[in-house]
Amino acid sequence: MSHPSPQDQADVPDAPAPAPDGDTDTDIDTDGGAGDRGGLRERLVRTGVALVDAEGAQALTLRAIARRAGVSHGAPRRWFPTRLDLLSAIAREGFAELAARVAEADREADGAGAGPRDRIEAFARVYLGYAADRRGMYELMFRPDLPESGRPGPRGTSLPLFARLAALVAELRPGTDAVRAAGAFWANLHGLAQLRHGGCLALATGSDDPASLVRAALDAHLGPARPAP
């Protein structure tokens with residue numbers, strides 16, 4: 001959910017980077033052949049997603065991804081000149097999946113006629129659920145060197161998620177600084193996710209269920225729930 005910079009561009013380059021010395025076209029994709037360069041890019045990203053789920057973000061090296069994808073160690077550099085370029089592309093997949101889960105929760109809220117506060121609670125449940133279910137991916141998505149690297153990365157994918165949260169805050173509390181309030185609430189969510197991962201939440205509160213803490217954060221940042229008319 002970090003803010004975009006003018007350097008953000010589409011994550012797909014116009015043309016593949018030149019092959020490193022000694023890396024031939026036959027190394028591009030053992031299934032698709034030398035002409036399947038786009039297929040290699042997608043395969044490397046899919047492989048990275050599977051690897052981070054299986055072994056965590058620390059396992060994501062260019063060599064490990066290439067080996068798991070069945071291509072030469074030099075082949076990934078045709079599309080991803082550095083490790084951070086590939087990690088950014090993998091992190092984008094994580095943000096896209098989280099956005100899809102939030103959209104599904106929104107559709108369910110539409111069917112239930114839910115108000116903005118209930119929708120924000122649903123957003124929080126989805127966010128924290130994703131952080132728990134996809135721990136390795138979540139850690140990758142918020143690596144500090146990705147948004148600071150200046151490379152095409154997850155920023156453009158994450159921004160709509162934050163915009164959705166800010167819009168719900170504006171609907172719940174018209175006239176407030178929705179961006180600032182949404183930022184404070186999101187920081188609370190991120191902190192809850194991190195404390196839960198480390199076991200500190202259960203140690204301090206006796207439970208790793210953050211539902212009551214989410215409601216407390218809502219009360220603190222957006223005011224207590226108003227009684228039904």
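Predicted model: local features only at pLDDT ≥ 70, side-chain atom pairs only at ≥ 80, totals over all residues.
Residues are numbered from 1 along each chain as its sequence is written, and side-chain values use heavy atoms, with hydrogens and water left out.

Let me begin with helix α4, residues 116-133, and helix α8, residues 178-198, which pack at an angle of about 35° with their axes 10 Å apart. Helices here are DSSP runs (H or I, at least four residues), numbered from the N terminus, and the axes are lines fitted to C-alpha atoms over the stretch in contact, with angles running from 0 to 180 degrees between N-to-C directions. Among the residues that meet, α4 brings Ile 120, Phe 123 and Ala 124, and α8 brings Phe 185, Trp 186 and Leu 189, where contact means heavy atoms within 4.5 Å. By class, this contact of α4 with α8 has 12 nonpolar, 2 polar and 1 charged residues.

On α3 and α4, the axes come within 10 Å and cross at roughly 145°. By class, the contact of α3 with α4 has 8 nonpolar, 2 polar and 6 charged residues.

Now to the core: the largest nonpolar core has 61 residues, and those with the most contacts inside it are Ile 90, Ile 120, Leu 140 and Phe 185. Such a core is a set of buried Ala, Val, Leu, Ile, Met, Phe, Trp, Tyr and Cys residues joined through side-chain atoms within 4.5 Å. The largest share of this core, 10 residues, comes from α3. Leaving aside neighbours within four places in sequence, Phe 185 is in contact with residues including Ile 120, Ala 124 and Leu 165.

Finally, which residues does His 197 touch, not counting those up to four places away in sequence? They are Ala 131, Ala 132, Arg 135 and Tyr 138, and the backbone oxygen of Ala 131 lies 2.7 Å from a polar atom of the His 197 side chain.

Conventions: Helix = DSSP H or I, 4+ residues; strand = E, 2+ residues; numbered from the N terminus. Nonpolar A, V, L, I, M, F, W, Y, C, P; charged D, E, K, R; others polar. Buried < 20%, exposed > 50% of the residue type's maximum accessible area, 1.4 Å probe, protein only. Polar contact = N/O pair within 3.5 Å; in protein donor to acceptor, adjacent residues only side chain to side chain.
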